[in-house]
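Please look through this model with the notes below.

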Amino acid sequence: MRYNIKVNVNGKPHDDSVNPRVLLVDYIREKLGLTGTHVGCDTSSCGACTVHVDGKAVKSCTMFSVQADGTDITTIEGMCQNGKLHPLQEGFKEEHGLQCGFCTPGMIMACADLLENNSNPSENEIRHGLEGNFCRCTGYHNIVKAVQYAAKKG
Amino acid sequence: MGNLIGKSVKRVEDNRFIKGEGKYTDDFNMVNQTFAVYVRSPHAHANINSVDVSAAEAMNGVVKVFTGKDIADAGIVGSICGWQVDFKNGDTMKEPGHPILAADKVRHVGDPVAMVIAEDKYTAKDAAEAVLVDYEVLDAIVDPKAAAQDGAPQVHDDVPNNTIFEWELGDKAATDAAFENAHHVTELSYHNQKLVPNAIEPRAALAHYDANEEKYTLYTTSQNPHLARLIIGAFVLSIPEHKLRVISPDVGGGFGSKIFVYNDECGVLWASKQIGRPVKWTADRSEAFITDCHGRDHVTDAKMAFDADGNITGMRTKTFAAMGAYLSNFSTCVPTYLHGTLMQGLYTTPAVHVDVTAVVTNTVPVDAYRGAGRPEATYGIERLMDTAAREMGMDPTELRRKNFIPAFDGVNEPGYQTQVALQYDSGNYEANMDKALKVADYESLKAERDKAKAEGRLVGIGFSTYIEACGIAPSAVVGSLGARVGLYDAASIRVHPTGKVTAHVGAHSHGQGHETTFAQVIADAFGIGMDDVNIVHGDTENVPFGMGTYGSRSLAVCGSAIMRSVDKVKEKGARIAAHKLECSPDDLEFANGSWTVKGTDKSVGFGDVALTAYVPHDYPADEEPGLDFASFYDPANFVYPFGTHICVVEVDKETGEVKVVKYVAVDDPGIVINPMIVDGQVHGGVAQGIGQALFEGAAYDSDGQLLNGSMLDYTMPRADNFPMFETDRTETPCPHNPLGVKGIGEAGTIGSTPAVVNAVMDALSDYGVKDLQMPLTPNRVWDAINSNGNGNA
Amino acid sequence: MIAYNFDYKVASSMDEAFSLLAEAGDNASFIAGGHSIVPAMKLRLAEPSTLIDISKVPGMSDITQDGDTISIGGLVTHVKVASSDVVKNSCPGLAECAGVIGDPQVRNKGTIGGNVAHADPGSDYPGALVAFDATICLANASGSRELAADDYFTGLFETAKEEGEMVTAVKVPASSASAYVKFPNPASRYAVVGVGVSLNINGGTCESASVGITGAADHAYRASESESALGGSDLGDDALSAAASAASDGQEMLNDLAASAEYRKHLCGVMLKRAVAVAKGRT
């Protein structure tokens, strides 16, 4: 049984027929070939799959692709506009906010939503705002600094 | 030399990662690929009566289903143990087989019994459920100490008393005497609990067999592609090594769990030839929980003997170390040569004895996990030190100061020979601790803690002064101790005609930033820019044979191989330059990217020399063209980083929750190449060490079921579990490698766990709580507070 | 991590939702935000043969106020409840509760209707809704009905919702002195114990209190003994002590890796006191 979905991903329209049980993250990775969004768990815990759906950070592993019909989706690949890095991308590099890089796309997407709702978060607010994202490499120290860098940059 | 050593150069690999353009194993696809799903045992211990794949194979889209019988019929067993540790009485170590697919018996939840291969992963998953396995469930054994006792369920028929080996190190008689004559003995008994590594990228493999070339290609999430090629080719699947290409692309964290050759990738590699199509496999997280090698799992009795002045006179431990259901590649060396050999710590302890019994249990196999044996040793020593200090009424820093090995640089003063085989290379432990005490403002911390306690708040300070042995390892030494591999590394440096450089290195970065640090080292040495160097790693096709990245070894060992190649380039470059400058190479000095005739301004640059090497018109006779050298480096010794960690916690009396309010780490990794990256390694290491102390631990029931086999139940630390970490350093150079570097990847984890537990014990000292089983969950801490020190909870 | 196959239908109206449900026969489920059902389906713990997507059904996505009662449509996401000025002014404890559900990404997608329909014993909303005398509004093909929250949550993942019914809204009376405090499971961040408290304070006296506790037992319950201890008191130490020690009376505490039954019982008291302190501060 297939279902037709129309989605806008990073500003580009897509029209595809999908099996409903395909998760949004798998549609993004496998059908669209956008492999920057990652799968790190199977319990909606790790946040490596975080994308923006209609402007809000969502775990793309916790949606079937059919649920995304008619939505605007931004993935990590859409954060760099016209070759210009998003302040968070800059911040993650400047502050060494990543090591293996696997959690980084989901982390950046979650942080972008955090800053959208709170443009000058305290350290505490940043740490709580990252409840939905795991990193096993950095101890989060430099991720906090990366967000502070981006917040300052505006 | 140049100006890049010691600089926090931003990482070049970040350029792709921050854009989501990293290429991890699951990102790769091949034309005509199939997908594999393993059927895994839900039982910890069971006989397999039958495996019926007929329904699965009949499903639309299923290509083939393999079982243990197919593997056995092919004459294959599975992955091997790479380190032989025999019994102390001379008997040979037990080495049970580990088949790629179990045929007769399953020995842990997760043990695979069939491999389903289908056109897509959805069909493979559905078909896996249609494989019918008839099990006869048997009693399981989980506890390492109980496993060794008579009457315990036997995991392997050929391993009596589930005992793989019994091993000891040190002087038992001298240690016995020390304890007999001790003025004071401090003892602790605990379980250094089983941990699940949970790198955020699950393991994966993509395998392909090219029938025309009779050649296999394997993409795998490995920390060491060459080692994988050697083990798989020579020891598992009998593939000629030149017909097996192993590629580790970007790898999303490892922490040890991606060192080992797993049967999972061996299975799909074998299958790719059987079915004549590529096979792709990616673990689910719940699958990772029951297949990735776990860490730690030692049941230990640890004791320290003191004289009346607080000098340590003896140290002894007895450990039952779980291997899990099967021997993973390095499992046997972790509780022995990476653990027993550290049992003196950085103290002048005159008598040490370590006794280790390695046992199999019906749980996921255990192998190296960040620190691999050294956290277990350090935990015992440092917990005993703080505990003893409290028992003897001494300040924990003064007890340590009294017992530190005096400073030695390994050059003017010899290295320090311990009671347990190792010779430490260089160290200045007291200066390091003094710096930490200053950075942390210990006097103020004490005052604040005492004030808080007077107000009824449970604040505690905990210490850990650790030493560890990494940069593994001198091949002959480990060979004599049972290692079946060498532990050198390799780097080739290719200078191109236009003076740019490509280095192929045998280390494999999965977060450590080698593309940046190694480029810094090379660019600094040649006086060229970071942009003029690129680092290539991960593909056995084009990288010389290296042993990979783990054991905090890449800079110390691969970095030294890089320096060897650098020296070879410079030596030849000097001869070419001398020819161009019409002098002798001895007349030249190299600085700022140029060879200059000493005392003059006649010089020729690195780029010029490079071009000349490849356009050898006016060129030294008897000199080959080209500027391209490979080197191997076998370390002369381990390297021995050390440090002081100070943890301050506050315990919520009402809930037992432990909050880390301050964490200071002053580490000594030898010379520092990139401070930013070193700090990052410490942060991550400390986070995992705190994770063990407060949050993590694989929980098994008596049937061998893993009760917390998902991220909903196994507590992975989050950003709001930590404060900002305060890091600083001392730099005591390593005397025996060209860069003077030690290692830092695991130090954070090694130092932190005991510091945290010590801090909690300090906070709870008024309750008479001496010890608590990790993880120190709120429930455990609250139980301890409310039982008024009546127990190990 | 792969669900079984299923049919997917989208309802553009309430009527269509129910007719699709009827067509689908047995074993069909509604899906709103999907943050209860999708995780269950991925682990193959739930296997509906048809999912009927109600996320576009009109009339359930708003927060409205009618006198003293706020009405939250079943499709309203947790983040909207947490950030709504209407909710924050009328019943701050409810906004507080919504703000600690899951994590930010979950709050962007999960809905109150879905949460209430699923009734996970570790969910946060049930404790708050029970404490704040909320009403659960249900509808089916033939009509609609309302149930007191206290009557709605009946057992482990069990509610009084019948086959074929949808949670269309939740109504919550105003309660300015309200709070929700939770002790989270460190791994899942579900509630080990979550306590909602609503106080009716007049002068220096707490005339009455309602206390709802989730996470501790197999479903959210009113801690009526605690309510008696707090009602008519000055909310001083004695009253708080009595209320705390009665917080699990009559209930069988859950026992799991995160908390033993004894520890949970203790936490009920601790969280109750903390919730009372927060609620009191809002008078």
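How many residue pairs are in polar contact between chain A and chain B? The count is 27, with both residues of a pair at pLDDT 80 or more. That condition applies here as the model is a predicted one.

1. Contact of chains A and B. Chain A gives 48 residues to this contact and chain B gives 54. Together the two chains bury about 4400 Å², and 57% of that area lies on carbon and sulfur atoms. Three residues, Lys93(A), Phe134(A) and Arg136(A), supply 20% of the area that chain A buries against chain B, more than any other three residues.

2. Charged pairs between A and B. Six salt bridges are counted between chain A and chain B. One of them pairs Lys121(B) with Glu30(A), where the closest N and O atoms are 2.7 Å apart. On the chain A side, the elements that give two or more residues are α1 (24–31), α2 (87–94), α3 (104–117), α4 (123–129) and α5 (141–153) of chain A. By class, this side of chain A holds 19 nonpolar, 16 polar and 13 charged residues.

3. Contact of chains C and B. Here 24 residues come from chain C and 25 from chain B. The area buried between these chains is about 2000 Å², with 52% on carbon and sulfur atoms. There are five salt bridges across this interface. In one salt bridge, the side chains of Glu654(B) and Arg274(C) meet at 2.8 Å, N to O. The polar contacts between chain C and chain B number 14 residue pairs, both residues at pLDDT 80 or more. Helix α12 (residues 261–280) of chain C provides the largest share of the chain C side, eight residues. The residues on that side divide into 14 nonpolar, five polar and five charged.

4. The seven-stranded sheet of chain B. This open sheet has the strand order β3-β5-β1-β12-β9-β10-β11 (chain B), and its pairing is mixed. Strands β3 (62–67) and β11 (244–247) of chain B stand at the edges with a single partner strand each, so one side of each has no neighbour in the sheet. On average, neighbouring strands are turned by 20° against each other, direction ignored. Strand β10 (residues 215–220) of chain B runs parallel to β11(B), and four bridges join the two. Within this pair, Thr217(B) has Arg245(B) in β11(B) as its bridge partner.

5. The three-stranded sheet of chain B. The order of this open sheet is β22-β23-β24 (chain B), with antiparallel pairing. Its edge strands, β22 (588–591) and β24 (603–605) of chain B, each pair on one side only. Three bridges join β23 (residues 594–597) of chain B to β24(B), and in β24(B) the bridge partner of Trp595(B) is Val604(B). Helix α16 (residues 554–581) of chain B lies across β22, β23 and β24 of chain B, at about 50° to β23(B).

Definitions and conventions: Residues numbered from 1 in each chain as written. Chains lettered and ligands numbered in written order. Predicted model: local features only at pLDDT ≥ 70, side-chain atom pairs only at ≥ 80, totals over all residues. Heavy atoms only, no water. Pairing = 2+ DSSP bridges. Contact = heavy atoms within 4.5 Å. Axes fitted to C-alpha atoms, helices over the stretch in contact; angles between N-to-C directions. Buried area = accessible area lost by both parts, 1.4 Å probe. Salt bridge = Lys/Arg side-chain N within 4 Å of Asp/Glu carboxyl O. Polar contact = N/O pair within 3.5 Å; in protein donor to acceptor, adjacent residues only side chain to side chain. Nonpolar A, V, L, I, M, F, W, Y, C, P; charged D, E, K, R; others polar.
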